[in-house]
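Here is a briefing on one protein chain. Please keep the sequence and the model in view while reading.

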Amino acid sequence: MLLATLATSSFAADYATCLLDNLPGVKNGPAQAAALNLCGSKYPDRFFDVRRGSGRGLLGPKSPEQCTLDKARDTSWQPAAGMIMRACGCLYSPSAGPTDMCERYPLSAEIRAQHPLVKTDADLLKLETHYRKIYAAHPDADALFARNDFWAWVTQDKARENAIIKGSTDTVIRTMGEFKAEHGGLVPFNGKLDGQ
């Protein structure tokens, strides 16, 4: 009994497992929304931060199908059953390696071209994570980077310029936030953004 409890508590530390803890038996939309909001607030990186096959082991289901059958059997709300199936597929499908995440962030060809030194899949995953977090914090990042006044502000200060060009993900996000705080967010100039 203690072994099962320890296995469950150590295992229940990602978005997919949270869904499997909260969605079984759901019978309506509001209950599904509550479960998704609860798990999303605990694990904001959602499936991006879960490695495929990370639930496989001695105590869990042997396949995504067995997991889905066990967990979705009494879930009459079909969208919730679908999310259970997705979480089971994530946790119990065979893994293709350490960078086989349940979801990957698609980078545009333009962004990929700006990073020619990124060669390995591990480096690509880091780059995807970097941009995913920036766009999550600043969905208007492309518009911000198109503004002349943003770049004038950035290049006025060497530390700021290094923060944007070479900084960590958190530093880039924070620096973009500082510009928005000083300039009232993204405000159109004469019906269009400055620099367009």
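P79 is found in helix α5, residues 78-92. Helices (H or I, at least four residues) and strands (E, at least two) are DSSP runs, numbered from the N terminus. This is a predicted model: local features need pLDDT of at least 70, side-chain atom pairs count only at pLDDT 80 or more, and totals for chains, interfaces and linings use all residues. Residues are numbered from 1 along each chain as its sequence is written, and side-chain values use heavy atoms, with hydrogens and water left out.

- P79 has a relative accessible area of 41%, so P79 is partly exposed. Buried means under 20% relative accessible area, exposed over 50%, and partly exposed in between (1.4 Å probe, protein chains only).
- P79 and Q32 are 47 residues apart in sequence. Their C-alpha atoms are 8.0 Å apart in space.

**Overall make-up**

- The chain has 11 helices and zero strands.
- Along the sequence the pattern reads α-α-α-α-α-α-α-α-α-α-α.
- Of the 196 residues in the chain, 38% are buried.
- Among contacts (heavy atoms within 4.5 Å) with a separation of 6 or more, 71% join residues 24 or more positions apart.

**Packing of α2 and α3**

- Two packed helices are described by the angle between their axes and the distance between the axes.
- For α2 and α3 the angle is about 150°, and the axes are 9 Å apart. Axes are lines fitted to C-alpha atoms, for helices over the stretch in contact, and angles run from 0 to 180 degrees between N-to-C directions.
- That makes α2 roughly antiparallel to α3. Angles under 35 degrees count as roughly parallel, over 145 as roughly antiparallel, 65 to 115 as roughly perpendicular and the rest as oblique.
- The α2 and α3 crossing is right-handed. A crossing is right-handed if the near helix is turned clockwise from the far one by less than a right angle, and left-handed if anticlockwise.
- α2 contributes Y15, C18, L19 and N22 to the contact. α3 contributes A35, L36, L38, C39, G40 and K42.

**Aromatic pairs and a charge over a ring**

- The whole structure holds eight aromatic pairs. Rings of Phe, Tyr and Trp (its six-membered ring) pair if their centres lie within 6.5 Å; planes under 30 degrees apart count as stacked, over 60 as edge-to-face and the rest as tilted.
- Y15 lies in α2 (residues 15-22) and F47 in the loop between α3 (29-42) and α4 (64-72), so the pair ties together parts that are 32 residues apart in sequence.
- Both Y15 and F47 are buried.
- F145 and W151 also pair edge-to-face, at 5.3 Å centre to centre and 80° between the planes.
- F145 is partly exposed at 32% relative accessible area, and W151 is partly exposed at 29%.
- One aromatic cluster takes in F145, F150, W151, W153 and F179.
- R160 lies over the face of W153, 4.1 Å from the ring centre. The criterion is NZ of Lys or CZ of Arg within 6 Å of the ring centre and within 35 degrees of the ring normal.

**R46**

- R46 lies in the loop between α3 and α4.
- Most residues other than glycine have a negative phi.
- Phi of R46 is positive, near 50°.
- R46 is partly exposed, at 38% relative accessible area.

**H130**

- H130 is found in helix α7, residues 121-137.
- Its relative accessibility is 18%, so H130 counts as buried.
- Leaving out residues up to four places away in sequence, H130 touches G167, S168, T169 and V172.
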